[in-house]
Amino acid sequence: MKTWVFSTEADGGASSSALEALTKARSFGGDLVAIHVGAGSEPALNELGAHGAATVLHLSADVSAAAIAAAMAAACETEQPDLIIFGMGNLDRDVAGRLSARLGKPVLANAVDVTVDGDSVRVANEILGGTTKVVTQFTEGAPAITITRPKAFPAEPNGGDAPTVSTLHVPDVGHAGDVVVLSSHAESAEGPDLEAAAVVVSGGRGLGGAEKFEMIAELAGLVGGAVGATRAVVDAGWVPYSYQVGQTGKTVKPSVYLACGISGAMQHLVGMKDSTTIIAINKDPEAPIFGVADLGIVGDVHNVVPALIEALKAHGS
Amino acid sequence: MKIVVCVKQIPDPASPYKLDPENHFVVRPEDQVLDDTDRYGVEVALQLADEFGDEASVTLLSMSPGGSQQGIRQALAMGADGAILVEDAGLRGADALTTSRVLAAAAKRAAADLVITGTESTDGYTGVVPQQVAELMGVPSLTFARKVEHVDGKVRIERQTQAGYDVVEGSLPAVLSVTSGVVEPRYPTFKGIMAAKSKPVETLTAAELEVTPSSGQSIVSVESVPAREAGEVIEDDGEGHLKILAKLEEVKVV
């Protein structure tokens, strides 16, 4: 068994999806290789090694997705990986799609589990808002290409040594590689990291306006939580994309998820339904969010949230 | 300037989806609707076409094994010039790669300068079709765009990133994938709805595009996930916040 895991450099480390996938892939046995795109700093490389990658094939950050896919496809011919695991990051998806088309192999996306039995690779997906689990087997031969959901597996180091690093040759892909990143901009969220926070307080369209996120932020501050949001309010421009929880945003599994004015569209539930305790406030008693909530308050967020803020302040003093 | 917009007709997301117990495909009713996230791509195309002037055209492209056209008419009513519909019962249940082969072949045949897609469909959300289409066409991909402009014959976008956004530029021909929220999609006018009825819709088969459907995967099992145990739902009587406070104390957050 030879498994490749796609990694990108983020904040001086390897992507969390890569560390999760490496941890899972250790259970398959055999060779474990990380394809790492970015600066290739020592902490990032060591992190990949510590999670089980014996080898890192490195590419610099200024290479187009088309060229990364071409480089990986060429390496596939000589290295013959059985399985290639990507995360849900934008570059992950760009490269996975292109590699799949280049190799003529399917991609199975949104995997919540990957199992290997002899030569057969199977992927589990949760569809229809997480109500139905589908297990699919690759039948086209190696490599099996899959995109796994964030936090599908825990990331646990096994104390592996620093990996052997070699630079992957990047072929010229002509016009397909003709994209340039002119500048990068950060729109950082305040407060704790949304993906790691023990408490998340999220707001949805039921809040009525961007200015109402101030009370969500205040509530989050009082319980030491991070602020999240639904796709609808991110699309409306109330808060930046970095706040988005759901299928196309972040996946969170906090101890407590407090949903304020969120109806619970499938796309949102997928990103938060595995939280330990879910508390929801919504006007509509029929809102799907109440189907997953441990405690649901049918009421107006504009009354309940300010009252909760006052009660928490009184409680703390 | 030929702009091709990929759109998908899906079962109405407001009604619960069902799987066919025989083949596990999503059951597709006769009257499917336009995937809401595709309206953004159509709007971006119409705005770019306005900038390019009289020479520009906007053609919709959709794969529709069922033959329903309701969703296509919705997008035509927004102002697209025509549509290409790939209708082929053999494409029922096609995976992302087969879909991409069909879309790429049809876009090439239409001599598209720019192919615009959403980021992922609402019903299948594999999220790799734009990239596969770009690879199969041998063109650059500008993906996850939250803002699109046209600068000196190139397309410049703000690409969503985990930290914020990147400004990325690519030359044509290219594939562009847009996020919902990139623009405010227009609503069809009465005139647009009437005009949509007489706009040209070309139909093609997979064979005409020289695409052989293949799947490369087989479903092993389908089972229900145990539902999360429903909790307590109470009407707020002015004391609802105290219930939340008690719950937060119970789980030791406060």
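Let's start with helix H3 of chain A, where Ala65(A), Ala66(A), Ala67(A), Ile68(A), Ala69(A), Ala70(A), Ala71(A) and Met72(A) are buried. By buried I mean that 20 or more other C-beta atoms lie within 10 Å of the residue's own; with 12 or fewer it is exposed, in between it is partly exposed, and the C-beta atoms are placed from the backbone. Helices (H or I, at least four residues) and strands (E, at least two) are DSSP runs, numbered from the N terminus.

A quick word on what we're looking at: this is a predicted model, where local features need pLDDT of at least 70 and side-chain atom pairs count only at pLDDT 80 or more, while totals for chains, interfaces and linings use all residues. Residues are numbered from 1 along each chain as its sequence is written, and chains are lettered from A and ligands numbered from 1 in the order in which they are written.

Back to that helix. What covers the buried residues of H3(A)? From chain A, the cover includes strand E3 (31-37), strand E4 (55-59) and helix H4 (90-103), and from chain B it includes helix H4 (129-137) and strand E7 (141-151). For contact, the rule is that two C-beta atoms, placed from the backbone, lie within 7 Å. H3(A) covers residues 65-79, and its 15 residues should span 21 Å at 1.5 Å a residue; the end C-alpha atoms are 20 Å apart, which agrees. That expected span is 1.5 Å times one less than the number of residues. Just after the helix, Gln80(A) takes a positive phi of about 55 degrees.

Now over to chain B, which has six helices and 13 strands. Its C-alpha trace spans about 65 × 45 × 40 Å along the principal axes, and 46% of its 254 residues count as buried. If you take contacts in chain B between residues at least 6 apart in sequence, 72% of them join residues at least 24 apart.

Have a look at H3 in this chain too. H3(B) has 14 residues and reaches 20 Å from its first C-alpha to its last, close to the 20 Å expected at 1.5 Å a residue. Why call H3(B) largely enclosed by the rest of the structure? Because 12 of its 14 residues are buried. Among them are Arg101(B), Leu103(B) and Ala107(B). Just after H3(B), Ala111(B) takes a positive phi of about 55 degrees.

Next, strand E1 of chain B, residues 2-6. Four of its five residues are buried, so to speak mostly covered. E1(B) runs parallel to strand E4 (residues 57-63) of chain B, joined by five bridges, with Val4(B) opposite Thr59(B). E1(B) also pairs in the parallel sense with strand E6 (residues 114-118) of chain B, over three bridges, and there Ile3(B) has Leu114(B) as its bridge partner. Pairing here needs at least two DSSP bridges between the strands.

So how do the chains meet? In all, 69 residues of chain B are in contact with 79 residues of chain A. On the chain B side, the elements that each supply at least two residues include H3, H4, E7 and strand E12 (217-224). By class, that side has 30 nonpolar, 27 polar and 12 charged residues. Nonpolar here takes in Ala, Val, Leu, Ile, Met, Phe, Trp, Tyr, Cys and Pro, charged is Asp, Glu, Lys and Arg, and the others, Gly among them, are polar. Strands cross over as well: strand E8 (residues 132-138) of chain A pairs with E12(B) in the antiparallel sense over seven bridges, and Val135(A) stands opposite Ser221(B).

Then the cores. A nonpolar core is a set of buried Ala, Val, Leu, Ile, Met, Phe, Trp, Tyr and Cys residues joined through C-beta atoms within 7 Å. The largest one has 118 residues, and those with the most contacts inside it include Val5(A), Leu22(A), Val5(B) and Ala107(B). Leaving aside neighbours within four places in sequence, Ala107(B) is in contact with Val4(B), Leu61(B), Ala112(B), Val115(B), Val133(B) and Met137(B). Apart from that core lies another, of 52 residues, including Ala226(A) and Val227(A).

Those two sit in strand E13 (residues 226-229) of chain A, where Ala226(A) and Gly228(A) point one way, Val227(A) and Ala229(A) the other, and all are buried. E13(A) runs parallel to strand E12 (residues 199-203) of chain A, with four bridges joining them, and Val200(A) stands opposite Ala226(A).

Last stop, the domains of chain A: domain 1 (2-177) and domain 2 (199-316), with bounds from an automatic or database domain assignment. Their centres, taken over C-alpha atoms, are separated by 32 Å. The contact takes five residues from domain 1 and six residues from domain 2.
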